[in-house]
Amino acid sequence: MTADLAARRREFPALAAPVHGRRLAYLDSAATSLMPRAVIDAVARAAVQAPGSPNRGVHALAEAATVALDDARAVVAHGIGARPRDLVLTSGTTAAVNLVAQAWGRANVTTGDTIVVSELEHHSNLIPWQELCAERGARLAVAPVDDAGRIQLPALAARTKLVAVAHVSNVLGTIAPIAELAARVHAAGALLFVDGAQAVAHLPVDVAALGCDFYAFSAHKMYGPPGIGALWARGELLDAMAPWQTGGGMVTSVALSSAQFREPPHRFEAGTPNTPGAIGFAEATRFLAAVDRSDESRVHAALIDAITGAGGTIIGRPECAVVSFTLADIHPHDIATIADGEGVALRSGHHCAQPIHTRFGVAASARASIACYSGTDDVEQLARALARVREVFR
Amino acid sequence: MTPDELYQALIVEHDRAPHNCGPLPEATHSATIDNPLCGDVVTVRLVVLPDDTIARVAFEGRGCALSRAAASLMTTRVAGQPIAAATALADRFERFVAEPADAPIPDELGELAAFRGVRAFRSRRSCATLAFHALVTAVRGRE
C-alpha cells in the first residue's frame with residue numbers, strides 16, 4: 001500500500017472501525033460509497049451555518065441557506081460541465097428518473113409510441129418507464145446485451161420517443177458508449193436518458209461531450225450523503241416541462257383556484273430543500289475533482305484475477321467499478337455473510353437488477369465494487385474470505 | 001456472534017442434503033413465497049387429511065443455505081402434526097429469530113435452535129423464516 005492510499009484512507013472515518021474484529025475491506029461502494037471527513041464536516045456545518053429554509057425568507061439564517069443552496073447547486077452542476085439552472089436537485093437518481101417519466105413522459109408519450117430500455121437496467125431505470133408505458137398505452141422495447149454485457153441497441157422504431165440506459169452497469173461494470181448512442185438516438189428523433197449513478201465516481205462526466213438529453217446521478221455513490229441527487233436536462237427540455245410534484249417553493253403566485261410555477265430548476269423542487277445534503281453533495285463534488293483515480297483500474301483488474309483465482313465465475317466482462325460473480329453453487333447471501341465475518345463487505349442478491357441476472361441465467365450474484373480508497377490489500381482479503389467460504393461449504 | 005457461527009453444522013448438513021425436497025403431486029395445499037431481499041423463492045406443498053393432520057410435506061425452490069436448511073428442518077418438524085401445532089411452531093420460530101441474540105433458547109424449538117445465530121443478523125431473518133411463511137400461507141389456503 002502506498003503512503004498516498006494510507007493517507008486517503010485516513011480521510012474516511014468508517015474505514016477505521018474493525019468489523020467482526022477484522023480490518024474492514026469495504027467492497028460495496030457501488031451500493032453506497034463512504035463519506036470522507038470533509039463531506040461529513042460540511043453536512044454538520046450546514047446545520048450551524050445555513051440552518052434556515054432557503055428561498056423562503058429574508059432574515060439572516062434564511063439568506064445563508066439560500067446562498068449555500070445556490071452555491072452548492074453551482075458546484076455540482078459545474079462538476080458535470082452543466083449550467084446550474086439546468087440542474088434539478090432531487091432525493092437521488094430514483095427520483096430523477098421518476099421526475100422525467102412523469103413530467104416529460106406524460107406530456108410527450110402517447111399511444112403507439114415506444115420507449116427503449118436496455119436489458120441491464122437497475123430497477124429504478126426500468127419500472128418508471130414500465131409504469132409510464134402502461135399508463136400512456138406506449139410500448140416498452142428492450143435493447144438486449146451481449147455476453148460481454150454490452151448494450152446492443154436495435155434499429156429504433158419510427159415512433160421511439162426516448163431511450164433510457166445506464167452509463168455504467170451496476171451489475172456488469174460495463175460502460176455504455178453514450179456519445180455513440182446519443183448520435184443514433186437523435187438520428188431517430190428520440191431523446192437519450194442516462195442513469196449515471198454508477199458512472200460519476202469512476203468516469204469523467206461532461207454532459208455536453210456525452211451529448212445526452214437527461215443525466216441522473218446520486219451523491220451517495222460519489223462520496224456524498226444519501227438522500228440527495230440530481231437530474232440534469234437540456235435547458236429547453238426543462239423549460240417545456242410541467243412540474244411533477246407541486247407545493248411550496250416552486251410557485252410564483254397562487255390563488256385558490258390555480259397557481260403559476262417558477263422557472264427551472266425550482267419548478268421541479270417542491271417542498272423544503274435538503275440544504276445540508278446539497279452542501280454535502282457539493283463538497284463531494286470538490287473531493288471527487290481532486291482525488292487521484294489513477295489506481296482504480298489496477299485494483300479492478302486485481303479483483304477480476306482474485307475472483308477468477310478463487311474459482312468464481314464472473315458475469316459479463318466488467319470494465320470498471322464492479323465485478324459480479326458466482327462461486328460454485330454457493331448462494332451469494334452465504335458468500336457475503338461468511339465474507340462479512342472476514343471483514344469483507346460484499347453485496348449479494350440481484351442488486352436491484354433482476355432482468356440482467358435472468359439474462360445471464362442466475363438468480364443472484366455476489367458483487368465486489370471499488371472506490372478511491374480501495375487497494376490490492378482489500379482484494380487479498382477478499383481472496384482469503386472466498387477461501388473461507390469454500391471451507392464452510394466444501 | 002460471528003457470521004461463521006451462523007452456519008452451524010446442522011444447517012450446513014441440511015443445506016447439502018435437504019429432507020423432503022422435491023415435488024408432491026398429490027398435495028392438497030401449496031404456497032410459493034418470494035424473498036424480496038434476493039429474489040429467492042420457496043414452494044411448500046402439503047397433504048392435509050380431513051382431520052387437519054399434515055400427512056406429508058415437501059418443499060422446492062432456490063435459496064441460500066439458511067433458507068434451504070430452514071425449509072428442510074421445517075418439513076421434518078411438521079410432518080404428522082396437526083395444522084394448529086405446525087402454525088404454532090411457525091409463530092414460535094418467527095418470534096425466536098426476532099429475539100435478542102443472547103435470549104434463552106426455548107426447548108420447544110428442538111433442532112430449529114440451530115438458527116440461534118440469525119438473531120444477530122437482522123438482514124438474514126427473512127431467509128430463515130421463508131419456508132415457515134410458505135407453510136402458514138399454504139394451510140390458510142391462500143395460494
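Predicted model: local features only at pLDDT ≥ 70, side-chain atom pairs only at ≥ 80, totals over all residues.
Student: How many bridges join β1 to β2 in chain B?
Tutor: Two strands count as paired if DSSP finds at least two bridges between them. Strand β1 (residues 29-35) and strand β2 (residues 40-48) of chain B run antiparallel, and the number of bridges joining them is 7.

Student: Which residue in the hairpin of β1(B) and β2(B) takes a positive phi?
Tutor: This hairpin has 4 residues between the strands. The positive phi, near 80 degrees, belongs to B:G39.

Student: Which residue of β3(B) is the bridge partner of B:R45?
Tutor: β2(B) also pairs with strand β3 (residues 54-62) of chain B, in the antiparallel sense over 8 bridges. Within β3(B), B:V41 has B:R62 as its bridge partner. For B:R45 the partner is B:A58.

Student: Which residue in the turn between β2(B) and β3(B) has a positive phi?
Tutor: These two strands form a hairpin with 5 residues between them. A phi of about 70 degrees is found in the turn at B:D52.

Student: Which strands stand at the edges of the chain B sheet?
Tutor: The sheet is open, with 3 strands in the order β1-β2-β3 and antiparallel pairing. Two of these strands have a single partner each, so one side of each is left without a neighbour in the sheet. In chain B these edge strands are β1 and β3.

Student: At what angle to β1(B) does helix α5 of chain B run?
Tutor: Helix α5 (residues 125-139) lies across β1, β2 and β3 of chain B. Axes are lines fitted to C-alpha atoms, for helices over the stretch in contact, and angles run from 0 to 180 degrees between N-to-C directions. Relative to β1(B), the helix runs at about 150 degrees.

Student: Which helix of chain B gives the most to the side that touches chain A?
Tutor: Contact means that two C-beta atoms, placed from the backbone, lie within 7 Å. By that test 17 residues of chain B are in contact with 16 residues of chain A. With 3 residues, the top contributor on the chain B side is helix α1 (residues 3-6).

Student: How far apart are the C-alpha centres of the two domains of chain A?
Tutor: An automatic or database assignment sets the domain bounds. Chain A is divided into domain 1 (3-30 + 292-392) and domain 2 (41-289). Across their boundary, 20 residues of domain 1 are in contact with 19 residues of domain 2. The C-alpha centres of the two domains lie apart by 28 Å.

Student: How many residues of helix α11 of chain A are buried?
Tutor: A residue is buried if 20 or more other C-beta atoms, placed from the backbone, lie within 10 Å of its own, exposed if 12 or fewer, and partly exposed in between. Helix α11 (residues 332-341) is mostly covered, its buried residues including A:H333 and A:D340. The count of buried residues is 10 of 10.

Student: Is A:H351 buried or exposed?
Tutor: A:H351 lies in the loop between β14 (347-349) and α12 of chain A, and its phi is positive, near 55 degrees. With 25 C-beta neighbours inside 10 Å, A:H351 counts as buried.

Student: Where is the cis peptide bond that ends at A:P265 placed in chain A?
Tutor: The bond from A:P264 to A:P265 is cis, with omega near 0 degrees. Most peptide bonds are trans. A:P265 lies in the loop between β10 (259-261) and α9 (275-290).

How values were computed. Residues numbered from 1 in each chain as written. Chains lettered and ligands numbered in written order.
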